[in-house]
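Subject: Structure handover

Hello,

I am passing a structure on to you, with notes on what was found in it. Please look it over before reading further.

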Amino acid sequence: MTPITSLDLTGFTEREPGVWTDAAGLVLSVHFFPLIPDLPAPLHEPQRLGAGLAQLVAGAGGGLIEAAPGSVDGVPAVRQLVKMPLGSRPGQAFLGSWTVPRAGSSTVVKVQAAEGATTGMREAMIMAQVGPAEYFRPHPYAGGQPGGLPYHVGDHEQWDARFPDHPLTLVRAALHRITPTITFDDRFKALPPFGGPAAPQSLPHLPPPKRGWFRRRKDA
């Protein structure tokens, strides 16, 4: 159960509580964690937040494509796009998420998709167009390459229209579409804000959710 009270699930089919899939292979999930968020910095320090997230993702073998503070239903949040290697076969999985932290809890909305049998076509075509020297770039948050999967221009949004069926394109588009439809229970919105990983935390116990706290919404 999560504090989300409304979310546009058009095109998605529920597979289990809190998890949905669509015909394109996207997996949408929602999560609530009654713990101090494990973000490496407060949202008002975007450079330190991005650098910390880049290091965390690289440490797991992946690559942080984007980390951008914003808001969901008026609550401060951070949006991430991440790529991870598929351990069992060649290719990558792409994950887009909003983490909405409060002082002692967080809600996460995540969309993910993986490459199929054909892998690397987007990257190869873009590299052929821009050239290897312009393709790989220092990571904008970490400076240089923090390890894990390399940062490159092939993951930039400007190429999505050229590759409409690529999993990164689908994940980014789904997250853009879903975000404005998310609403939260007022009790979650009223919780103390996230002050950072080292900040003193004082949080009243979150009351148990009302029946029907999460409801499906089809209208955008």
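How do the residues of the lining of the second largest pocket divide into nonpolar, polar and charged? There are 4 nonpolar, 5 polar and 3 charged residues in that lining. The residues concerned are Glu115, Gly116, Ala117, Thr118, Thr119, Gly120, Met121, Arg122, Phe163, Asp165, His166 and Pro167. The volume of this second largest pocket is about 170 Å³.

Please keep in mind that this is a predicted model. The average pLDDT of the protein is 90, and 90% of the residues score at least 70. Residues 199-220 have a pLDDT below 50, and this stretch has 48 contacts in the model beyond near neighbours in sequence. Where pLDDT is low, predicted coordinates should not be read in detail.

The largest pocket

The largest pocket has a volume of about 600 Å³. Its lining consists of 19 residues. Those nearest the centre of the pocket are Asp38, Gln80, Ser97, Thr99 and Val108. By type, the lining of the largest pocket has 12 nonpolar, 5 polar and 2 charged residues.

Which elements each supply at least two residues of this lining? They are strand E4 (27-33), helix H1 (46-59), strand E6 (75-85), strand E7 (92-101) and strand E8 (106-114).

The strands around it

Strands E6 and E7 pair in the antiparallel sense, with 8 bridges. One of the residue pairs is Leu81 with Gly96, its bridge partner in E7. E6 and E7 form a hairpin, and 6 residues lie between the two strands. In the turn, Gly91 has a positive phi of about 115 degrees.

E7 also pairs with E8, again in the antiparallel sense, over 9 bridges. Those two strands form a hairpin as well, with 4 residues between them. Gly96, the bridge partner of Leu81, has Val111 as its bridge partner in E8. Trp98 has Val109 as its bridge partner in E8.

E8 is joined to E4 too: the two strands run antiparallel, with 7 bridges between them. Here Val30 has Val109 as its bridge partner in E8.

Strand E7 and Phe94

Is E7 mostly covered or mostly uncovered? It is mostly covered, with 9 of its 10 residues buried. Phe94 is found in this strand. Why does Phe94 count as buried? The reason is its relative accessibility of 0%, since buried means under 20%. Phe94 and Val111 are 17 residues apart in sequence, and their C-alpha atoms are 8.4 Å apart in space. Val111 is the E8 residue that has Gly96 as its bridge partner.

To go through the structure yourself, you could begin with the residues nearest the centre of the largest pocket, among them Gln80 and Val108, and then follow the pairing of E6 with E7 and of E7 with E8.

Regards

Conventions:
Residues numbered from 1 in each chain as written. Predicted model: local features only at pLDDT ≥ 70, side-chain atom pairs only at ≥ 80, totals over all residues. Heavy atoms only, no water. 1 Å grid on protein atoms, 1.4 Å probe; cavity = no way out; pocket = protein on both sides within 12 Å on 5 of 7 lines; lining within 4 Å. Points joined across faces, edges and corners; volume = space filled by probe spheres on them. Nonpolar A, V, L, I, M, F, W, Y, C, P; charged D, E, K, R; others polar. Buried < 20%, exposed > 50% of the residue type's maximum accessible area, 1.4 Å probe, protein only. pLDDT = per-residue confidence, 0-100. Contact = heavy atoms within 4.5 Å. Pairing = 2+ DSSP bridges.
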